[in-house]
Amino acid sequence: MQIIIPIKQVPETSNVKMNEETGTMVREGVESIVNPLDLYAIEVGIQLKEEHGGKITVITMGPPSADKALREAIAMGCDKGILVSGKEFAGSDTWATSYTLSSAIKEAGEFDLIIAGERATDGDTGQVGPGMASFLDIPLATYTSKIVKINSKNIVVERLIEEGYETLKMPLPALLTVVKEISYPRLPTLRGKQRAKKTAIPLWSKSNMKLKQTNLGLKGSPTRVVKITHPKVTRRGTIVKVSDEKTLNEAVSRMIKFMLGKGLI
């Protein structure tokens, strides 16, 4: 079984910064980690490999430092990585990112299954997985919580929906985006870290792939952030000090009056 896992290197949540002029995320000089939700996709891929055999290729698009994310995935148990990097990809929105990653997947060769995290913690859109499935013209199951059955032709999954769970049967190749419920990510082993350190990771740019220049980077992105504002908290709560039974009764009366005025009771 040939499995492809697209991952992303994201800033730690506390370090997320935006460039207010371009509307893009500032990544230079910011400590980054593997997108936490991608770790669940990696774990599922490794479990399938252990059960059915095969190879796992991890792909990421980002700066040269994203090499670190690929090596972490290899240390966990993936087989090889591909880094898609270049100035031409800078500022890509979810559409341009989906286009570039799907193009890299086509160049990587035949595959049976693509497993992606539900969303990235920096953009939080959940659009890249479905976008790749659209460009590749393959079946898609989002919010996958369980792989029920898989063989050389089909896959049966359970996906999380508002009312509970939905069971889907899809032909392969297919793409899944997975939720936390599906697995518990393992830690890299010492042997895995040693293998990851020695693994050669190729760097792909527009010269390695059949890409349309008009679909790349900020210029090829049909959506963009046009304005960034910082919300101001202007609400001022009323503090009522209670020191005895009389002030307690007064506080309760004021609260009831307030809630009645807002139509809450």
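Lys 8 pairs up with Asp 122 in a salt bridge, with the closest N and O atoms 3.1 Å apart (a salt bridge being a side-chain nitrogen of Lys or Arg within 4 Å of a carboxyl oxygen of Asp or Glu). The two sit in distant parts of the chain, 114 residues apart: Lys 8 in the loop between β1 (2-6) and β2 (9-11), Asp 122 in the loop between β8 (113-117) and α4 (128-136). Helices (H or I, at least four residues) and strands (E, at least two) are DSSP runs, numbered from the N terminus.

Asp 122 is buried at 12% relative accessible area, while Lys 8 is partly exposed at 28%. Here buried means under 20% relative accessible area, exposed over 50%, and partly exposed in between (1.4 Å probe, protein chains only).

## About the model

This is a predicted model, where local features need pLDDT of at least 70, side-chain atom pairs count only at pLDDT 80 or more, and totals for chains, interfaces and linings use all residues. Residues are numbered from 1 along each chain as its sequence is written, and side-chain values use heavy atoms, leaving out hydrogens and water.

## Other charged pairs

The whole structure holds 8 salt bridges. One of them joins Arg 159 to Glu 166, with the closest N and O atoms 2.9 Å apart; Arg 159 is buried at 16%, and Glu 166 is partly exposed at 30%. Glu 118 and Arg 119 also meet in a salt bridge, at 3.3 Å from N to O. Then there's a salt-bridge network linking Glu 43, Glu 50 and Arg 186.
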